[in-house]
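Here is a short report for a first look. Keep the sequence and the structure side by side.

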Amino acid sequence: QVQLVESGGGLVQPGGSLRLSCVASGSIFRVYDMGWYRQAPGKQRELVASITSDDTTKYADSVKGRFTIYRNNAENTVYLQMNSLKPDDTAVYYCNADIIRLYGPQDWYWGQGTQVTVSS
């Protein structure tokens with residue numbers, strides 16, 4: 001069994017910063033691409049940022065220059081450093097990872113989500 005557990009969400013004022021963390025645990029052989037998605041009320045889930053196993057990154061236009069994704073492969077962890085936060089960044093943020101299980105198939109896994117609220 002594989003689990004993704006996010007942490008680091010919360011309430012922050014506009015212009016503030018937060019760092020989200022996501023740890024993959026369980027019967028893991030290897031972790032490939034990892035990413036962060038978000039879903040605001042009444043909107044579809046959207047990709048925020050992704051990172052490959054060799055650290056190639058991709059960002060949504062709305063977060064370029066403000067958010068940074070990075071990972072620690074030894075700890076199967078991905079981070080999202082969010083700076084200059086805006087009210088439009090308010091959403092539930094989900095971690096996503098492409099994982100090969102020990103003695104199992106390759107599949108995509110999701111975390112349970114962490115709420116980020118940007119408000120004064």
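Which residues line the largest pocket?

## The pocket

They are Arg38, Gln39, Ala40, Lys43, Gln44, Glu46, Asp88, Thr90 and Ala91. A pocket here is an open set of points on a 1 Å grid over the protein atoms alone, where a 1.4 Å probe fits, with protein on both sides within 12 Å along at least five of seven lines; lining residues have an atom within 4 Å of a point. The space in the largest pocket is about 160 Å³, a volume filled by probe spheres set on the points. Its lining has four charged, three polar and two nonpolar residues.

## Basis

This is a predicted model: local features need pLDDT of at least 70, side-chain atom pairs count only at pLDDT 80 or more, and totals for chains, interfaces and linings use all residues. Residues are numbered from 1 along each chain as its sequence is written, and side-chain values use heavy atoms, leaving out hydrogens and water.

## The disulfide

The structure has one disulfide (cysteine sulfur atoms within 2.5 Å). Cysteine 22 pairs with cysteine 95, with sulfur atoms 2.1 Å apart. Cysteine 22 lies in strand β3 and cysteine 95 in strand β9, 73 residues apart. Strands are DSSP runs (E, at least two residues), numbered from the N terminus. The link is left-handed, at -80 degrees about the S-S bond.

## A contact list

Leucine 80 is in contact (heavy atoms within 4.5 Å) with residues including Trp36, Val48, Phe67, Ile69 and Tyr93, leaving aside neighbours within four places in sequence.

Conventions: Nonpolar A, V, L, I, M, F, W, Y, C, P; charged D, E, K, R; others polar. Helix = DSSP H or I, 4+ residues; strand = E, 2+ residues; numbered from the N terminus.
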